[in-house]
Amino acid sequence: MRTTILAAGLLTALGGAALADCPTPQGLAPCKACHALEPGKPSRVTGPNLVGVVGQPAMHSADFKGYSPAIKAAKDKGLVWTDENLMAYIADPKGFLDGIAGEPLKNAMTFQIKEETKRKAAVDGLKTIATCQ
């Protein structure tokens, strides 16, 4: 019985260490201002938690209540956050979502990363934090 408890405690400690050993990738530094980037953390008022977003449909984070009309329209049109879609969105969120919706709609995210290498680093960072779960 004691061995089982000790083993369970060790696994819990190691699991916590694994999360602690997964720092926020450099490419996601600008995202931290509005988004949670850690597994299990609730979304922020300013943006959804981005852990696991790659490959998910728009509005992936069920606890985020502030999705804009533009994101809601994109979800209705079937938007999935592929690498390509994330690259285009991060470059010009409003333009990207207006193109999907077919009309200009209110979008909450105004931050843009114009430089392609920085956008690629952000998408790669999203993939990295997904492995920390």
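In helix 4 (residues 93–101), the buried residues are Pro93, Phe96, Leu97, Asp98 and Ala101; buried means under 20% relative accessible area with a 1.4 Å probe and protein chains only, and helices are DSSP runs (H or I) of at least four residues, numbered from the N terminus. The model is predicted: local features need pLDDT of at least 70 and side-chain atom pairs count only at pLDDT 80 or more, while totals for chains, interfaces and linings use all residues. Residues are numbered from 1 along each chain as its sequence is written, and side-chain values use heavy atoms, with hydrogens and water left out.

Leu97 touches Ala70, Ile71, Ala74, Leu79, Tyr89 and Asn107 (heavy atoms within 4.5 Å), not counting residues up to four places away in sequence.

| Helix | Buried residues | Cover includes |
|---|---|---|
| Helix 3 (83–91) | Leu86, Met87, Tyr89, Ile90, Ala91 | helix 2, helix 4, helix 5 |
| Helix 4 (93–101) | Pro93, Phe96, Leu97, Asp98, Ala101 | helix 2 (69–76), helix 3 (83–91) |

Helix 3 and helix 5 pack at an angle of about 130°, with axes 10 Å apart; axes are lines fitted to C-alpha atoms over the stretch in contact, and angles run from 0 to 180 degrees between N-to-C directions.

Note on methods:
Buried < 20%, exposed > 50% of the residue type's maximum accessible area, 1.4 Å probe, protein only. Helix = DSSP H or I, 4+ residues; strand = E, 2+ residues; numbered from the N terminus.
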